[in-house]
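Hi everyone, thanks for coming.

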Amino acid sequence: MPSMAAPHLRLSDEDERRRALDTRRSAIVQAPAGSGKTELLTLRLLKLLAEVEEPEQVLAVTFTRAATAEMRSRILLALEQAGEAASASEGMASTLARAALRNDERRGWKLLQQPQRLNIQTIDALSMAVAHQTPLLSRLGGALTPAEDAGEMYALAARRAWSRLGEDGGALGGALRDVLRLRAANLQNCQDLIAGMLQRRDQWGRAFSLAENPDWTQVRAALEEPLQAEHRRVLGQAHSFFSAHRPLLDDLLQTARYACSNLEAGAAETGLPPLRRAARLEDLAERRHWSGLCGLLLTAEGEWRKRWTAADGFPSTPEGRQGKDRAQKIVEEMRRHPEALEILRQIRGLPPPAFEPDQWRLLQSMLIVLRHAVAELRVLFAERSSVDFVEIAMAALQALCDFEGEESSPAAAATEQWKHLLVDEFQDTSRSQFEMLAMLLRAWESGEPGSCFLVGDPMQSIYLFRQAEVELFESTLRHGFGEGPAPVLLSPIQLQMNF
């Protein structure tokens, strides 16, 4: 049996590889280590070199200088071997390389003599090039060298921020004291906390302006919006489910009202009192109503209930036993719908939709401290003529947007230079890098469309320490790549291991 399965997989795999070389379509390739996905990307690059007017129109992105050098070496070696008269190889790489050489000769590129025309860059080099098209980085001292490890600068910036702890008056002093109390007066712990947050500032900075005098009402609304959106999503699923199962909901609400009638008015811990007058789906307007139903149907561990007691509103009377029987039948019916259990568990796990006053004060204090710490970090960047990868990615993204968040002239200029994007190890993309690439693709919505080719494996991300967000790979797989109403649609391709 095993000997018969392998040829089938190999045949299917070869079909997928041929699809990946169709440069008329964009694709995302998911493949495990050792499957040859980088080799496949190299083949696609060779094929594009046989089609484009200029080699710079093909942009290949990697995540390390070593990977960039290796890809460049692969391309040049394939071109050199294809140019040898004695070469009799008829492999795919040789065929594509000969076609690329013919295009090279026809257009006078001379790639073998001018290999720098191969547009293969690290993501950080691309980000730096984009950022330097604007004066965004000039505020930090002009030419800056990327720091491979900025941990020492994060720690020093945090210490400088906390050196202001003893100051009286002003928002910063009070904010520092609030955070110190939160961390049990452990100053080293506080410094470590802020240093860690500086490393991830491209994530939390999305919801908080670093302006000197922010509008705190707007900041709070922006931070609470994701909480409220999650409430709307989960409760919307619950409404949809019970809209399709009205008789089941009617029995459930009748049983809940019966249980409420047997509980004292102060028995709020059961969660049922809000359901005393709930007779229809429209009466379940708030999370507390749904939480009451969760308490009626689920155990504390989130499993379907099997028993109800007088404390739940079902006394040891004939009528109470009938109520228990109704509850049991409702649970048995809901067991037939697996999605129902997941919906109720999600309701149970919902956070509050808004901050309590004390929570908001602490969060506001933390944001004030972080804003000052970011300012200290940027002073350090200027002092040392060095910058971290987070700042590079953030600056590049800013460079591509105007003040209204629309595509800027640098973005339009950048996209005019290339028509095809290839990204190796796409799972290692951070959110800022992802958004930068997506912004560059916006020009395709109004101009001549190009192609986008992404390869990676979510199981082997190596850059989690640089804020790589693996879920971006899965999101791109489902929804496409880019922004706006017309993202670049990608053909999903799965590769097996090479046999």
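So, a question to start us off: which side chain of opposite charge is nearest to Asp 424, and how many Å away is it? Keep in mind as you look that this is a predicted model. The one to find is Lys 37, at 6.5 Å. Asp 424 is buried, yet it has no salt bridge. To find Asp 424, go to the loop between β6 (420–423) and α18 (431–441). Setting aside neighbours within four places in sequence, Asp 424 touches Thr 38, Leu 41, Val 61, Phe 63, Met 71 and Val 455.

Is Val 52 buried or exposed? Val 52 counts as buried, because its relative accessibility is 5%, and the cut-off for that is under 20%. Beyond neighbours within four places in sequence, its contacts are Gln 57, Val 58, Asn 103, Arg 107, Trp 109 and His 420.

Last stop, a pair of helices. The axes of α7 (residues 170–182) and α15 (residues 357–384) come within 8 Å and cross at roughly 115°, and the crossing is left-handed. Residues in this contact include Ala 171, Leu 172 and Ala 175 of α7, and Arg 361, Leu 362 and His 372 of α15. By type, the contact residues divide into 10 nonpolar, two polar and three charged.

Thanks, all. Happy to go back to any of these!

Notes. Residues are numbered from 1 along each chain as its sequence is written. This is a predicted model: local features need pLDDT of at least 70, side-chain atom pairs count only at pLDDT 80 or more; totals for chains, interfaces and linings use all residues. Side-chain values use heavy atoms; hydrogens and water are left out. Axes are lines fitted to C-alpha atoms, for helices over the stretch in contact, and angles run from 0 to 180 degrees between N-to-C directions. Helices (H or I, at least four residues) and strands (E, at least two) are DSSP runs, numbered from the N terminus. A crossing is left-handed if the near helix is turned anticlockwise from the far one by less than a right angle, and right-handed if clockwise. Contact means heavy atoms within 4.5 Å. Ala, Val, Leu, Ile, Met, Phe, Trp, Tyr, Cys and Pro count as nonpolar, Asp, Glu, Lys and Arg as charged, and the others, Gly among them, as polar. Buried means under 20% relative accessible area, exposed over 50%, partly exposed in between (1.4 Å probe, protein chains only). Lys and Arg count as positive and Asp and Glu as negative; His and the chain ends are not counted. A salt bridge is a side-chain nitrogen of Lys or Arg within 4 Å of a carboxyl oxygen of Asp or Glu.
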